[in-house]
Amino acid sequence: MPNNEAASLPPTPAMAEPDTAPALPAEVPVLDSSAWREYRGQPGKATHNSNHLAVIADQAGVLRRCFVKLAPDPTLPTLLCEALGWVLAGHSGLRRADFAAIVLIDKERLAKSQELTAACLAAPGDLIPAWCSSAIPGQTVNANLKTEKKPGTQFHIDYKTFLNAADSRKIAAFDLWTGLQDRNLGNVIRHASGGYASIDHETLLHDILWGHSPFQPRNLTAWAAKDLEPKKFKAFKSDMARASAGHADALAKAESTLNALLSALLPHAGKRADALGFLRQRSQRGWLAKEIGVLDMGPKEDKP
Ligand SMILES: Nc1ncnc2c1ncn2[C@@H]1O[C@H](COP(=O)(O)OP(=O)(O)O)[C@@H](O)[C@H]1O
Ligand SMILES: [Mg+2]
């Protein structure tokens with residue numbers, strides 16, 4: 001947090017007072033509004049929120065093309081969930097954006113390029129904190145979806161290819177472990193260089209951090225159950241169980257960063273403990289396998 005602007009993160013129930021707030025971990029820096037260099041449009045069709053693309057200068061001054069998601073309502077855990085999810089995804093071996101940060105967005109500057117939502121206009125002060133992640137090269141799995149009623153042949157191919165890929169099982173296991181609720185196909189990027197990347201971890205630890213929320217539960221395991229043949233679905237679940245064997249280790253590696261994020265962004269100590277307890281319990285050997293009704297087979301390397 002190099003200057004006093006960053007130190008003036010809006011004091012809110014979700015964000016502790018600046019003078020008492022523990023620093024965010026270096027992995028997820030807070031960048032002041034000068035980091036937002038140039039507007040680059042909106043993803044796809046105009047969105048219901050203030051998501052947009054922008055050129056962002058990182059801590060070292062390197063310019064990065066990023067997606068920026070504004071979090072104007074300080075009572076919602078958007079920034080915390082995104083940050084926890086991005087850190088955990090990295091330690092769990094999921095593909096993710098190379099770079100992420102919380103950036104303070106100057107409302108007036110953004111308003112010159114894009115209409116602000118009512119929530120942004122209503123937010124107090126000149127700056128709105130936002131989650132920022134570098135653009136992953138590729139396309140979302142639903143990029144070729146025509147309409148919900150008539151999705152189109154190419155969408156079906158893309159969707160089935162994803163369900164049959166190794167990464168879909170890792171992502172499904174990650175979501176179940178972390179209580180992520182909104183895994184729609186716009187939240188998975190088919191990476192230009194192969195494999196699939198996970199984005200939008202806003203609903204991570206949903207039942208603890210969101211409680212009652214507007215999100216419709218959307219779940220990859222349920223889709224696989226519906227859209228894969230029984231034998232393939234069984235293999236899907238076995239792969240999920242194998243992926244879960246890495247969760248305890250991922251949590252151990254991520255824990256100090258998660259603690260720093262929770263301390264900085266979640267004032268409620270009880271909820272901090274609940275969040276870590278939830279992740280710890282569900283990362284235990286055998287938990288996920290039992291949950292989805294398969295044998296706990298362990299990672300592939302465990303096999304003789
Ligand atoms: N890091 C990223 N790399 C590539 N595309 C992204 C990235 N972040 C967001 N997007 C694009 O922006 C869309 C909206 O972002 P998302 O974080 O899913 O916000 P929302 O909460 O509106 O669903 C995604 O569906 C995707 O097309
Ligand atoms: Mg999304």
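1. Helix 10 crosses helix 11 in a right-handed sense (a crossing is right-handed if the near helix is turned clockwise from the far one by less than a right angle, left-handed if anticlockwise). Helices are DSSP runs of H or I of at least four residues, numbered from the N terminus. This is a predicted model, in which local features need pLDDT of at least 70 and side-chain atom pairs count only at pLDDT 80 or more, while totals for chains, interfaces and linings use all residues. Residues are numbered from 1 along each chain as its sequence is written, and chains are lettered from A and ligands numbered from 1 in the order in which they are written.

2. Helix 10 and helix 11 (residues 269-282) pack at about 165°, with axes 11 Å apart. The axes are lines fitted to C-alpha atoms over the stretch in contact, and angles run from 0 to 180 degrees between N-to-C directions. The two helices are therefore roughly antiparallel to each other (over 145 degrees; under 35 is roughly parallel, 65 to 115 roughly perpendicular, the rest oblique).

3. On the helix 10 side, Leu251, Leu258 and Leu262 meet Arg272, Ala275, Leu276, Leu279 and Arg280 of helix 11; contact requires C-beta atoms, placed from the backbone, within 7 Å. This contact has 6 nonpolar, no polar and 2 charged residues. Ala, Val, Leu, Ile, Met, Phe, Trp, Tyr, Cys and Pro count as nonpolar, Asp, Glu, Lys and Arg as charged, and the others, Gly among them, as polar.

4. Helix 10 (residues 247-265) also packs with helix 2 (residues 78-91), at an angle of about 165° and with axes 9 Å apart. That angle makes helix 2 roughly antiparallel to helix 10. Their crossing is right-handed. Helix 2 contributes Leu79, Leu80, Ala83, Leu84, Val87, Leu88 and His91 to the contact, and helix 10 contributes Ala250, Lys253, Ala254, Thr257, Leu258, Leu261 and Leu265. By class, these are 11 nonpolar, 2 polar and 1 charged.

5. Helix 6 (residues 166-178) packs with helix 8 (residues 220-227) at about 130°, with axes 9 Å apart. Helix 6 is therefore oblique to helix 8. Ser168, Ile171, Ala172, Asp175 and Leu176 of helix 6 make the contact with Leu220, Thr221 and Ala224 of helix 8.

6. Ligand 1 has 17 residues around it, of which Pro43, Phe67, Ile136, Gly186 and Asp200 come nearest (near means a C-beta atom, placed from the backbone, within 6 Å). The shell comprises 7 nonpolar, 7 polar and 3 charged residues. Ligand 1 lies between domain 1 (4-134) and domain 2 (138-302), because both give residues to its shell; the bounds come from an automatic or database domain assignment.

Notes: Contact = placed C-beta atoms within 7 Å.
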